[in-house]
Amino acid sequence: MATTTTSQLRETAAWRALAEHAEEVRGAHLRDFFKADPARGERLTAEAEGIYLDYSKNRITDETLRLLLQLAEERGVAERRDAMFAGEHINVTEDRAVLHVALRAPKGSHIEVDGEDVVPKVHEVLDRMSAFSDRIRSGEWTGHTGRRIRNVINIGIGGSDLGPVMAYEALRHYTQRDLTFRFVSNVDGTDIVEATRDLDPEETLFIVSSKTFTTLETIRNATTAREWALSKLGDEAAVAKHFVAVSTNADEVSEFGIDTANMFGFWDWVGGRYSMDSAIGLSTMIAIGPENFRQMLAGFHAIDEHFRTTPFERNLPVLLGLLTVWYSDFFGAQTQAILPYDQYLKRFPAYLQQLTMESNGKSVTLDGQRVDYETSPVYWGEPGTNGQHSFYQLIHQGTKLIPCDFIGFDQTLNPVANHHDLLTANVFAQTEALAFGKTPEQVREEGTPEWLVPHRVFEGNRPSNTILADRLDPGTLGKLVALYEHSVFVQGAIWNVNSFDQWGVELGKVLAKRIAEELESKAEPELTHDSSTNVLIKRYRESKGR
């Protein structure tokens, strides 16, 4: 009988060796690693394109790294990477190429999908976005009554929201401050009501982002926005001056009342969670300007090239991806914390939640076999130093192993007194405390009563990466996002899952559409759900009726 794909991973020489090796490493402490190798903190680092990675505070040895790199080789990570860059249909369940790297390819480069060079089309859309953004930013584009646009509201959900809102917050320092930007995603009416409550329709532009222009939440919100705008503007013709679309469905866009000349498209080889640098980023470009947007794209591209060409032992996304596999599959780590020490990156962990968990939250392999190993951990986090006063207690002294990525910057965009020194001191202090902790002997030496000693002991041996860059600018943001995109790719290649589909979101959407009709029905519907769902629907209808 042929071995299944599932068993092939666990049967690789590297996996078996890693399983044995993990038992040896499990009992070792980072204190011992650093004591045995005083240069460890200089040696276990990598740097590329202005991004510095210190991975020395991980529970690994040189042998761990050798075996992890061997695993990447045995699993064909390089070949799969090259297939992606070549435009092959590696998204097998949807028979699509995966080519977000083409979105940031420079003019003149050549990337083919199904025999067609897609780079010219990418730059045609970018040029149209740039021209439109300049018209909004300069005031040349006016609303239906001739007044300047001062408010921009992006309506989308998932990748059509998380990327734009994260990028806006991350790059707020670079935004045009006489423009107001807001983002609506939740179908909860509160979201659209609060976003528009204090705005004037005559000065408001809506960007409706939906590839098919049929996404339930997005179209419901867009329709409500249309009604809100027309309640003052009156004339249906006003829609064309106050709404633009990021979509590929010209018929639906036109039916809505949007001029298709103001429709910005993208392609089926761009996954939603990989689309913030496509036309989905139109609100970002309006906010920061076309030149800054192109600098962000250049940052993406720099890491793309690093990932594509750098040997794996010095390849930042490869190292990060392999470390995630190490802790998920050999240490039972269920979560990974993303801890940016920059207030502008407050939405970065939320953005990475979709990027990582929608990509690798899979339980079957590419050929449909059930996995018998762990795949994506749960990603979460908050900006420092806020998180230190909430969940760091659990990371330091709790029972769960939580690998952490700390992200810091050498320079601040807002130099105020010694704020940035204090902020950065916390980055370094937290990684040191997590790694080395405090022994009972050290606690006693401080004069702690014996009964209190156990409470003040820090076990340490908690792993972390430290990622440093000079400053948070558009190029750096592009590099950080690409770093995690390709780390996710490496993990998916090791696990042999499809990192580019998301069938898990479909069932709930289908059922929600059916239940919505039952909730809204004037007549008593015949309910055929399970007893719990039937009772919930009846209770809601009764309460709504009252």
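Visitor: Before we start, what is a polar contact?
Guide: A polar contact is a pair of N or O atoms within 3.5 Å; within protein, one of them must be able to donate a hydrogen and the other to accept it. Please keep in mind that this is a predicted model.

Visitor: Understood. What does the side chain of Glu-74 reach, then?
Guide: It reaches the backbone nitrogen of Ala-13, at 3.3 Å. The side chain of Glu-74 also makes a polar contact of 2.6 Å with the side chain of Gln-70.

Visitor: Where does Glu-74 lie?
Guide: Glu-74 is part of helix α5, which covers residues 62-74.

Visitor: And which residues is Glu-74 in contact with, leaving aside its neighbours within four places in sequence?
Guide: Those residues are Thr-12, Ala-13 and Ala-14. By contrast, Asp-32 is 42 residues from Glu-74 in sequence, and their C-alpha atoms are 31 Å apart in space.

Visitor: Why does Glu-74 count as partly exposed?
Guide: Its relative accessibility is 34%, and partly exposed covers the range between under 20% for buried and over 50% for exposed.

Visitor: Let us change topic to the open sheet. What is the order of its strands?
Guide: The six strands follow the order β1-β2-β13-β12-β10-β11, and their pairing is mixed.

Visitor: Which strands stand at the edges?
Guide: They are β1 (45-48) and β11 (378-380); each has a single partner strand, so one side of each is left without a neighbour in the sheet.

Visitor: How many degrees are neighbouring strands turned against each other on average?
Guide: The average is 15 degrees, with direction ignored.

Visitor: Take β1 and β2. In which sense do they pair, parallel or antiparallel?
Guide: They pair in the antiparallel sense, over four bridges, with β2 covering residues 51-54. Ala-48 has Ile-51 in β2 as its bridge partner. The two strands form a hairpin with two residues between them, and in the turn Glu-49 has a positive phi of about 50 degrees.

Visitor: Going on to β13, how many bridges pair it with β2?
Guide: There are three bridges, again in the antiparallel sense. Tyr-52 stands opposite Leu-468 of β13 in this pairing.

Visitor: And β10 with β12, do they run parallel or antiparallel?
Guide: β10 (residues 335-340) and β12 (residues 404-409) run parallel and are joined by four bridges. Opposite Ala-337 stands Cys-404 in β12.

Visitor: Which helix packs on the sheet, touching β12 and β13?
Guide: That is α18 (residues 419-436), whose direction makes about 155 degrees with that of β12. Another helix, α16 (residues 348-360), lies across β10, β11 and β12 and runs at about 165 degrees to β11.

Visitor: A helix pair next. How do the axes of α6 and α14 cross?
Guide: The axes of α6 (residues 77-85) and α14 (residues 290-309) come within 10 Å and cross at roughly 140 degrees. That angle makes α6 oblique to α14.

Visitor: Which residues make the contact?
Guide: From α6 they are Arg-81, Met-84 and Phe-85, and from α14 they are Asp-304, Phe-307 and Arg-308. This set divides into three nonpolar and three charged residues, with no polar ones.

Visitor: On to Thr-476. Is it buried or exposed?
Guide: Thr-476 counts as buried, at 8% relative accessibility. Its place is in helix α21 (residues 474-495). Beyond its neighbours within four places in sequence, Thr-476 is in contact with Ile-51, Phe-409, Ala-469 and Arg-471. Among these, Ile-51 is also the bridge partner of Ala-48.

Visitor: What about the phi of Asn-496?
Guide: Asn-496 has a positive phi near 60 degrees and is likewise a residue other than glycine. Asn-496 is found in the loop between α21 and α22 (506-520), and its relative accessibility of 16% makes it count as buried.

Methods. Residues are numbered from 1 along each chain as its sequence is written. This is a predicted model: local features need pLDDT of at least 70, side-chain atom pairs count only at pLDDT 80 or more; totals for chains, interfaces and linings use all residues. Side-chain values use heavy atoms; hydrogens and water are left out. Two strands pair if DSSP finds at least two bridges between them. Axes are lines fitted to C-alpha atoms, for helices over the stretch in contact, and angles run from 0 to 180 degrees between N-to-C directions. Contact means heavy atoms within 4.5 Å. Angles under 35 degrees count as roughly parallel, over 145 as roughly antiparallel, 65 to 115 as roughly perpendicular and the rest as oblique. Ala, Val, Leu, Ile, Met, Phe, Trp, Tyr, Cys and Pro count as nonpolar, Asp, Glu, Lys and Arg as charged, and the others, Gly among them, as polar. Buried means under 20% relative accessible area, exposed over 50%, partly exposed in between (1.4 Å probe, protein chains only).
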